[in-house]
Amino acid sequence: MLGIFLYILGTGAKVSQCRERFQRSGSTISRHFAIVLEKVSRMATDLIAPEDPFFSSIPEQIRNDSRYMPHFKDCIGAIDGTHIAAILPPNEQVPYIGRKGIPTQNVMAVCDSNMCFTFVMAGWEGSAHDTRIFLNAIRDPKYKFPHPPNGKYYLVDYGYPQMKGYLGPYRGQRYHLPDFRRGRPVSDFMEYEDINWAYENIIHSENAHGRESDDDDDDDGDGDDGESNNSSDFEMELTRDAIASSLMNSL
């Protein structure tokens, strides 16, 4: 069963190819793959986790880089979504077809400054909004989401609500890589935007093969469903302003 599972993952083989390779029926191949997948998925919440669950120290990649230190000393990682192509029967494809135009899963991933995944939320339909996936992940204890301690935060993009512990970019400022190539006007906070993008790009560089970025989700619809309140929004705005001011003073 493990051999079949690894063979399919490693080569992208179809069931027909596995039937020939392992001399088993198609139903046996599918059943064995599903059994191992279920076991591996249950292990994921324990294996994909922060090295330091308390985030007690400043990551070396931040501490030893003057571009990030001390501005991002309290940053513990970045959260972003990526669309991964999904193969489904025709009668099940509709919920998985979003703005990409093909069936996908919308996968939310958390990555630290060492380019290691610390949390992954997979299985959601491609039409699901980032905010819905995010709120489900942080609210349901069974997923074991690594919540930021008081004073720490994750970097997020426009697709996620800005709330305590989750720091988003300034609205209306240069953010995506194509915007820099098109030469949009440089803002006072461009360096902050550059670094914010760089952190979130870690996730996409780790998912480069066969995956599409979902950074440019529509800005509307990213309400926090009551989770965030004005005080926590204001607190993160102050944090963002302090980082931007620190960066400008260091120029």
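Reply: UniProt positions are given in the numbering used here, feature names are shortened, and annotations may be inferred rather than shown by experiment. Residues are numbered from 1 along each chain as its sequence is written, and side-chain values use heavy atoms, with hydrogens and water left out. This is a predicted model: local features need pLDDT of at least 70, side-chain atom pairs count only at pLDDT 80 or more, and totals for chains, interfaces and linings use all residues.

Me: Which residues does UniProt list for "domain: DUF8040"?
Reply: Residues 2-41, in an unreviewed entry.

Me: How much of residues 2-41 is helix, and how much strand?
Reply: The span is 85% helix and 0% strand, and its end C-alpha atoms lie 14 Å apart. Helices (H or I, at least four residues) and strands (E, at least two) are DSSP runs, numbered from the N terminus.

Me: At what angle do helix 1 and helix 3 cross?
Reply: Roughly 85°, with the axes coming within 8 Å. That makes helix 1 roughly perpendicular to helix 3 (65 to 115 degrees on the scale used). Axes are lines fitted to C-alpha atoms, for helices over the stretch in contact, and angles run from 0 to 180 degrees between N-to-C directions.

Me: Which residues meet there?
Reply: L2, I4, F5, I8 and L9 in helix 1 meet I29, H32, F33, V36, L37 and V40 in helix 3, contact meaning heavy atoms within 4.5 Å. By class, the contact has 10 nonpolar, one polar and no charged residues.

Me: And what does helix 2 meet in helix 3?
Reply: V15, C18, R19 and F22 in helix 2 meet G26, I29 and S30 in helix 3. The axes of helix 2 (residues 15-22) and helix 3 are 9 Å apart, at an angle of about 100°.

Me: What lines the largest pocket?
Reply: 41 residues, of which L9, F33, L37, I84 and Q105 lie nearest its centre. Helix 3 gives the largest share, eight residues.

Me: And the second largest pocket, which residues are nearest its centre?
Reply: E51, D52, S57, P59 and D112, out of 15 lining residues. About 320 Å³ of space lies in that pocket.

Definitions and conventions
1 Å grid on protein atoms, 1.4 Å probe; cavity = no way out; pocket = protein on both sides within 12 Å on 5 of 7 lines; lining within 4 Å. Points joined across faces, edges and corners; volume = space filled by probe spheres on them. Parallel < 35°, antiparallel > 145°, perpendicular 65-115°, else oblique. Nonpolar A, V, L, I, M, F, W, Y, C, P; charged D, E, K, R; others polar.
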